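Let's take a walk through this protein together. Have the sequence and the 3D view open, and we'll go piece by piece.

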Amino acid sequence: MGSANGLTNGRGGHPLFAFGVITDVQYADIPNGHSFLGVPRFYRHSMLVLQRAVKSWNNNKNLNFAIHFGDIVDGKCPKDQSLNAVKKVVDEFENFKGPVYHMIGNHCLYNLPRDKLLPLLKIPNLDGGRAYYEFSPAPGYRFVVLDGYDISAIGWPHDHPKTLEALKFLRERNSNSDKNSPNGLEGLDRRFLMFNGAVGEEQMEWLDCVLRDAINMKQKVVVCCHLPLDPGASSQEPLLWNYDEVMDVIHQYDCVKVCLAGHDHEGGHSIDSHGIHHRVLEAALECPPGTDAFGYIEVYDNMLSLVGTDRMKSTNIHFNPY
């Protein structure tokens with residue numbers, strides 16, 4: 001249990017910094033169940049996976065921070081338990097001896113509205129519910145955390161302009177009465193589901209400014225989003241609605257080296273047409289008892305080395321440092 005996958009990073013020397021990673025904990029104090037595709041889900045065991053992750057990160061003693069890639073609790077959590085369930089998982093993350101960065105996922109928003117969720121996750125709540133932000137853990141690197149539910153039918157008040165925009169978007173692209181059903185949708189159109197969302201215009205402009213600034217400061221950028229941004233790293237259904245528009249912005253700059261995501265529980269890895277790596281991380285929720293899915297990433301000048309545990313696959317990500 002909890003043994004690291006055997007993959008050396010193929011590189012001597014010390015990393016510039018390192019950080020812990022886990023995604024889709026989706027804790028709930030309910031019996032085991034299944035996804036809509038029939039994949040087993042272990043709602044209580046995911047808390048044990050998180051506890052082992054935090055213990056492992058602390059034992060490492062060289063991790064500067066940790067990132068959870070969204071979906072802190074599951075949508076099946078009884079709603080009268082949602083607040084306490086989120087607090088319970090956040091408290092477990094707080095046992096890590098360093099900063100923890102969160103991003104929102106669809107299951108977070110099934111449980112709590114943004115105005116209650118963001119303070120609990122310590123996401124800077126700017127401009128009335130904005131959940132995207134950036135930080136720089138070292139002079140040569142910047143992390144950009146996107147809000148993939150900026151335009152969404154979940155999380156905002158029912159009459160909010162972003163809710164109405166999302167519902168209109170879905171009606172135009174998904175004719176099913178159940179907007180979480182991909183029936184009749186083909187190819188990449190299968191991403192037009194209610195459990196996904198989009199990056200809005202204001203966030204897109206912010207992203208452009210941040211990347212331009214990173215170029216000026218000669219920083220490499222790691223983009224983080226709950227929703228995957230490349231079809232090669234994910235199945236079609238979990239993709240960000242406007243992943244193509246987001247990547248059009250990102251591809252204008254050569255500072256972005258890696259995009260990290262969750263949401264697609266099986267995980268995946270691809271390199272897109274511009275040489276950017278996309279690594280979708282395997283979910284903690286779908287670990288049977290006695291198995292784990294977490295890891296840590298060592299960051300070098302020209303590579304990221306993901307050291308995974310059990311179901312999280314170790315991955316070396318090489319890129320041009322310039």
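In what sense do strand E6 and E7 pair, and over how many bridges? Strand E6 (residues 133-138) pairs with E7 in the antiparallel sense, over four bridges. Here strands are DSSP runs of E with at least two residues, helices are runs of H or I with at least four, and both are numbered from the N terminus. Two strands pair if DSSP finds at least two bridges between them.

Before going on, a word on what you're looking at: this is a predicted model, where local features need pLDDT of at least 70 and side-chain atom pairs count only at pLDDT 80 or more, while totals for chains, interfaces and linings use all residues. Residues are numbered from 1 along each chain as its sequence is written, and side-chain values use heavy atoms, with hydrogens and water left out.

Back to our pair of strands. A hairpin of two residues takes you from E6 to E7. Across the pairing, Tyr 133 faces Val 145 in E7, and Glu 134 sits opposite Val 144. On to E8 (residues 220-225): this strand runs parallel to E7, and five bridges join them.

What about strand E7 (residues 141-145) itself? Five of its five residues are buried, so this strand is largely enclosed by the rest of the structure. Buried means under 20% relative accessible area, exposed over 50%, and partly exposed in between (1.4 Å probe, protein chains only). Tyr 141, Phe 143 and Val 145 are buried on one side, and Arg 142 and Val 144 on the other.

Inside it, E12 (residues 293-299) and E13 (residues 303-310) are antiparallel partners over seven bridges, with Ala 293 opposite Asp 310.

Now for the inside. The largest nonpolar core has 93 residues, and Phe 19, Ile 22, Trp 57 and Ile 250 touch the most other members. Such a core is a set of buried Ala, Val, Leu, Ile, Met, Phe, Trp, Tyr and Cys residues joined through side-chain atoms within 4.5 Å.

Finally, how far can you trust the picture? The mean pLDDT (the predictor's confidence in each residue, from 0 to 100) of the protein chain is 95, and 96% of its residues reach 70 or more.
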